[in-house]
Every structure is written in C-alpha cells, then in structure tokens.
Amino acid sequence: MRGDWMDAPLRYDRSYVYRLYEPKDPPERTIVALHGSGADEAAILPLARMLDQKARIVAPRGRILQNGERRWYRKLSPITFDQSSVRLEAETFSGFLDGLRRDGVTDPDRTLFLGYSNGANLVAATVLLHPGTIRQAVLMRAMSVLEAAPKADLTAARVLILSGATDEIYGSYGAMLGDLLKRNGAVVVQDTLSSGHECGEGDIAYARGWLDSVEGGVPATADAGASRG
C-alpha cells in the first residue's frame, strides 16, 4: 500500500470495490477519483497521481455493468439517463463517502473529487442531490445528467469544469452544468481546452493552477470560456 500506486490494494465495502493509495508521508489532501465509462479505477489513478503526488487517493469502481461496460449509472442514450439509477447511485456514493469520513480516510475540507466523463457526471449529481458532501471538485468532460435538478445550497462548493473543444457530443454541456451549479450558489470556473473527449496532461496542469488559486485565497469566479492550447 505504501509505494507505487499500482500496489494500491483492492478494498471492499458494502457498496464498492475501490483502491486506496497511501503516500509515504502523511497527506495534506485526499483525492477521490472516479473513472469514465468502459473503464475501472485503474484508469483514473495515474491522473490523480499527476495532480498531486503527495495525496492519499481513493479510487472506487462504478457499480453498474451495462452491455459489458462499467458505469456509474444506467444510460438510455448517449445524452439521456435512467433518472432512478442516477439518484440511487448518487445516494449510494454519498453513503460511501460518509463511511470514509467516519473511518478517518477523508475530511470534507481537505478532499478533492476528480471525475472524468461518466464519473464526473456522478460527482456533479451528488453535489446537487447531497449538498455539502462534496465541496471541491475537478470535473473533466462533464454534463448534468439530472432532468429535474433540485434547488440546493451549494455556497460551500468550488468546482472546475473542463470541456473539450472538439468533443462533438458532450463539449457544449460543460457550460450548461456550470450555469446550473452557479445558480445554486457554487463558485464555478468553466473552460474549454483544445482537445476532444479525451483528457490528459493539459487538464491536470489547468487543475493544478486552479487549486493553487483556490487554496491561495484568490477568488476563482470568472468563466474563462476561451479555448486554450
């Protein structure tokens, strides 16, 4: 468990299979990392490590297996989703986070959520459905999957949303999600990178700068909105 992230052991609770990576030194931050559809926890671990090599990392595996694809909730089409599944999985994920907090693995004030695509969407749904559970998140290639999002007090939430300029299906949805979160009080930065639906080093470099601004006390409230190379 203390070593390369590839050695992070699989763990099990009543809800999830997950990996827990512990750095050599006591961490100042925990990253909870959620993979995209068709992948598992191993796919998101390298990105989490790139973002903060000193962090503890919790990487759960999506519970849904649909048409041979590992997911976080059931889909009906590429842009429509089973609403009962979304709500049930957000509730289950919130309960999982409560357990991590009780066990001392996470501290809500020192935990960053990193989500890609399908995983980012579940994080966003949990932010809206269970206010206060998630206070800081980096969402890559995200959209809102809730058809009737509830009103919520998200004034404690700080969210970075990164979309892809050539992401033909999902690229336009990041700004819509950002507007939804802001209407409920979250502090949101949304930007579009010169990429497609894939994510990588450009996203991580941007996220590091955003974290520095948030943790340095610099207000991060502007929608940059410009494509970046």
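1. The accessible surface of the protein chain comes to about 10,400 Å², and 48% of this area belongs to carbon and sulfur atoms. Such areas come from the Shrake-Rupley method with a 1.4 Å probe, and for residues only the protein chains shown count as cover.

2. The model is predicted: local features need pLDDT of at least 70, side-chain atom pairs count only at pLDDT 80 or more, and totals for chains, interfaces and linings use all residues. Residues are numbered from 1 along each chain as its sequence is written, and side-chain values use heavy atoms, with hydrogens and water left out.

3. The protein chain has five helices and 13 strands (DSSP runs numbered from the N terminus: helices are H or I with at least four residues, strands are E with at least two). Its radius of gyration is 16 Å, close to the 17 Å that the globule rule gives for 229 residues, so the chain is as compact as a globular protein of that length. The radius is taken over C-alpha atoms, and the rule is 2.2 Å times the number of residues to the power 0.38.

4. Of the 229 residues in the protein chain, 53% are buried (buried means under 20% relative accessible area, exposed over 50%, and partly exposed in between, with a 1.4 Å probe and protein chains only).

5. The structure holds 13 salt bridges (a side-chain nitrogen of Lys or Arg within 4 Å of a carboxyl oxygen of Asp or Glu). Among the residues involved, Arg19, Glu41 and Arg61 are linked in a network of salt bridges.

6. Which residue forms a salt bridge with Arg141? The partner is Asp203, and the closest N and O atoms are 2.7 Å apart. This pair links distant parts of the chain, since Asp203 lies in helix H5 (residues 201-215) and Arg141 in the loop between S10 and strand S11 (158-164), 62 residues apart. Asp203 is buried, with a relative accessible area of 3%, and Arg141 is also buried, at 2%.

7. Arg135 forms a salt bridge with Asp109, with the closest N and O atoms 2.5 Å apart. Arg135 lies in the loop between helix H3 (118-129) and strand S10 (136-140), and Asp109 in the loop between helix H2 (83-102) and strand S9 (111-116), so the pair ties together parts that are 26 residues apart in sequence. Arg135 is partly exposed at 30% relative accessibility, whereas Asp109 is exposed at 62%.
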